[in-house]
Each structure stands twice: as C-alpha cells, then as structure tokens.
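Subject: Structure handover

Hello,

Here is the structure for you to take over. My notes follow below it.

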Amino acid sequence: METGKPGPVQVVLVQKDQHSFELEEKALASILLQDHIRDLDVVVVSVAGAFRKGKSFFLDFMLRYLYFQKEGGRSNWLGDSEEPLTGFSWRGGSDPETTGIQIWSEVFTVEKPGGKKVAVVLMDTQGAFDSQSTVKDCATIFALSTMTSSVQIYNLSQNIQEDDLQQLQLFTEYGRLAMDEIFQKPFQTLMFLVRDWSFPYEYSYGLQGGMSFLDKRLQVKEHQHEEIQNVRNHIHSCFSNVTCFLLPHPGLQVATSPDFDGKLKDIASEFKEQLQTLIPFVLNPANLMEKEINGSKVTCRGLLEYFKAYIKIYQGEDLPHPKSMLQATAEANNLAAAASAKDIYYNNMEEVCGGEKPYLSPDILEEKHCEFKQLALDHFKKTKKMGGKDFSLRYQQELEEEINELYENFCKHNGSKNVFSTFRTPAVLFTGIVALYIASGLTGFVGLEVVAQLFNCMVGLLLIALLTWGYIRYSGQYRELGGAIDSGAAYVLEQATSHMGNSTQAAVREAVVGRPPADKKAQ
Ligand SMILES: Nc1nc2c(ncn2[C@@H]2O[C@H](COP(=O)(O)OP(=O)(O)OP(=O)(O)O)[C@@H](O)[C@H]2O)c(=O)[nH]1
Ligand SMILES: [Mg+2]
C-alpha cells in the first residue's frame, strides 16, 4: 500500500492455532481515513462462505469492473482473453488461501443516481469450515463481515443447503434483538450466490431463476424443525433486501487445472455471460446501498469505529451474547458521532488559526472556540445514536474534554505566532544589558568603581545568556537550558510589569482621588 500499488490488506488477523482475532487498526485506518473518502458514506461489499469455493476469484472480477468504470473504459470490462486474473489472492488446490478479513487498499468512489458520491470498499473473507477453524472462528468471520458490510454475498456451492441457512441463524438472533430496540432491520443486502448451478432446466441461470429458487427454499414448511423455521422467518426481517443469483460452472479448466491462471479464454462462455449480468448488477450505483446502522448512514471514518467495537466482542472465549453486540454497536455509534463532531471543531479551528494562519487575538480565538464547540456538540446531539440519552452523555462529556484539550493546543500554537512572545527573551536580555551598561558607566563616573565592576560582570553574564539563547534557538540543542533562560526572562518581565503596573495605578489613584488618607490627616 505504501508503495502506491493497490493490493489486498489484512485488516482482521486470525491466529489459527490460538483461535484468536486481532484488528490491524493501523492498516485499516490508513485505508479508511484517506482524506478524499473519510467523510463519504461507505458501501461495503463482502463475500463470505465456505472455503475453496471461488470467493476471491469472484471478487477479482468485481475489481476488474470497478477499475474499468474508474478509467472510463468503453470496450468490454471483462478484459483481454489472455490476461491472467489478479487482485485478491486466489489459487487452485485443496488448502485454504484467504485468512481473516482482507479489504482492497483502494477505495473506489462511485456516483449514485442522485449525484451523491459514495465510497465502495471490497471485502474478502476467510473460507468457513476448513479443518483448522472451529465453528466459533467461522461464525466470527461471518458475523464480522455481515455486521460491517452493506452488501453480503453469501457464496454457496451448487445448492442452498440447510446447514448454509443454519450459519445464518447465528445472526438472526442478533437481528431480532437489535430490532427490539431500534425497530429497524439490522442488515441490508444479502445475496445468495450459488456457484456451479447444475439445474438450469429447473431454475434458469441468473437473477430471475435465483429469485424463484430462493422463494422455494425459504418457504416455511410445517414439518421443519422450529429453529429452521425461525431462520427462514428471520432472514427477511433481518436483511432489508434478499436476492439470489444462480451462476453456472466455469468449466473444467477453472475447477481442475493446476496451470489455470484466470485467463478468460479458459473460462466457460456461459459463466462469462452470467458474470456480465451479475457484476454490473451488484455494482450498479443504484443497487449499492450505503452501510446503515440504526438508520444512520456510516462514513468510512465511522466504519473504523465499528470495526474496533465489534472486534472487541469477539476476542473473548465464547461466542458473544447478542446483547453485547448491541452494546458494542451503541458504543461505536457514539464514538463515530463523537469523532466526526471533533473533526468539525478541528477543521473549523484550523481554518481560523491553524498552521500558517497569522496570530489571532486571544479574545477572538476564545469566541471562535465557543462557536465551533457548540457546532460540534450540536452535530453530536443530532446524530442518531443507540443506547439512550444517559449512555451518550458519557461520550458527550469525553468529546467536550477532548475539544478543550484541542483548544489548549490551539492557544499555545497561536501564542507562539505572536512576534512579541518570540522576541520577548532577547528583548528582556537586551534591555537588561543596556540598563546595566548605563548603570556601570554612571557608577564609574561617580567613582564607585567596585559597583561599576559588578554591573560590568552582570552585563557580561547577560551577554553570554543572550548568545547562548540565540545558539539554542538556531541549533535546537540544549532546549532545557533555553527554557530556563526563557522562564528567567519571563519572570523578570512579569516582576517589572507588575511593579510598573502598581506604580502606574498608584499614580492614577493619586491623580483622581487625591493624596492618600494619611496625608489628609496630616493636613
Ligand atoms: N467449481 C468452481 N470452481 C471455481 C469457481 N470459481 C473459481 N473456482 C476455482 O476455485 C478455486 C479456489 O478459488 P479461490 O477464489 O481461491 O477460492 P476461495 O473461496 O477464495 O478460497 P479460500 O480463500 O481458501 O476460502 C480456484 O482453483 C478457482 O479456479 C466456480 O464458480 N466453480
Ligand atoms: Mg479466498
């Protein structure tokens, strides 16, 4: 990524032996917090399902389509028939390839029909049911990708089986619980993608056949176990949009040849034909739903907070209780709202007094601080959040504290731009040198040689201090000594000004009120 070439980035790391999960927060942040996309609403397209079933392979075609769109190409997006397929790492063989969760380092910007720009993130996941992972591991990956994506493509082989639906069942419980609180469907699009569909004579390839096949599969029948009936009932109530696509077999070269490297010429034309319908359908701007949680759209920055919150609940020993997922969602909700409110404050203050902006009077700075703080707090308050008012109050207080800290830094930064403060130390030292020099001249003139010598010594010392200060400022070394000289000068200045202030005040008082009372008495 750092070299500038886009590629897959591991965002959730799995320690297969220890069955533990870790979020690669830095890597994820470097993708999601890029300036041009961080504030855009995000669409996350994820592919999940059993291992070795062509998930990464399929995602690479999506990448081809997105790059083709980005470059404004006109010919066929599927590409050259001799071009090997690259992108997310895929390969033949029986051992699993993808581990954890990976996302493509390049976030695509796509314009929706109304002209709104959204950020599209592609997500690849570890295949489920390999020999090294426990059920909990697989469920975790599936849950994490479902909870962070807006389009979940459930990649299945040949058919929709009962155990495939049982996998989904783990999440329908969360869905129901979440709905109890928020009255909304927790997840968005779910697409059953059935690979190697072998019965086109019953249900034709593509979306239409897929939809009628799905209707049949999701029918609730009396003899089914109650649990399975629940899954069926809940799929529709958990996902706002459920579709199914039947994809034909890609040909024996793809499935069995060890030398196959993804060249189009080796792929069955039926498969390519259906890809030409499927991928533009999934990535059609009108179908790309922005990730929503609790009815609010999530930005790229917000997505980072959700990842952080969700990974925490899966780091324990057991499968998390749905209640804790809800809690984590509420937490992430609030954190995301606070982060964007803080950004509002920061950006506005930067405009006024950041970086190269000239010095601003402290009064105006404070005024601006109050104005932008209010703006940020209003933004935080009006963002929809889960967990209730009391819950979000905690985050609001944290936000206020963080804003105050930022303000202190802005004040310091602004103060350092004040020319007078920059030259305060040399000015004090220089004034001291001149005053002592004159004093030594005068005392020498009246014959007080010893005192004159003493003044001369002090002139010498101040001169050394001035030169040392200059060297420290120039070289940036011995900064502590520099700081000591600065605070010495500041102290002298403070004493002098307070003394002068007192005597000026006394003089003013005398002029206005007359002589002090003691004098009056004497009169
Ligand atoms: N039968 C069949 N094989 C496919 C299909 N698409 C890709 N393949 C082959 O399946 C093998 C695995 O492809 P991958 O994309 O690495 O599969 P995956 O699901 O990402 O695998 P893991 O990352 O291990 O979970 C490759 O040899 C592909 O050529 C398909 O639709 N049907
Ligand atoms: Mg893979």
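Helices (H or I, at least four residues) and strands (E, at least two) are DSSP runs, numbered from the N terminus. This is a predicted model, in which local features need pLDDT of at least 70, side-chain atom pairs count only at pLDDT 80 or more, and totals for chains, interfaces and linings use all residues. Residues are numbered from 1 along each chain as its sequence is written, chains are lettered from A and ligands numbered from 1 in the order in which they are written, and side-chain values use heavy atoms, with hydrogens and water left out.

**Loops**

Gln158 sits in the loop between β7 (151–157) and α4 (162–182). Its phi is positive, about 70 degrees, although Gln158 is not a glycine. Arg52 also has a positive phi, near 65 degrees. Arg52 belongs to the loop between β3 (42–49) and α2. Most residues other than glycine have a negative phi.

How accessible are these residues? Buried means under 20% relative accessible area, exposed over 50%, and partly exposed in between (1.4 Å probe, protein chains only). Arg52 is partly exposed at 26%. Gln158 is partly exposed at 44%.

Ser198 lies in the loop between β8 (187–195) and α5 (207–217). It is partly exposed, at 37%. A polar side-chain atom of Ser198 is 3.0 Å from the backbone oxygen of Asp196.

**Ligand 1**

Now the polar atoms. A polar side-chain atom of Ser56 is 2.8 Å from an oxygen atom of ligand 1. A polar backbone atom of Lys53 lies 3.0 Å from an oxygen atom of the ligand. Arg195 places a polar side-chain atom 2.9 Å from a nitrogen atom of ligand 1. Taken alone, ligand 1 exposes 660 Å², and the protein buries 94% of that. These areas come from the Shrake-Rupley method with a 1.4 Å probe.

Best wishes

Methods:
A polar contact is a pair of N or O atoms within 3.5 Å; within protein, one must be able to donate a hydrogen and the other to accept it, and residues adjacent in sequence count only if both atoms are side-chain atoms.
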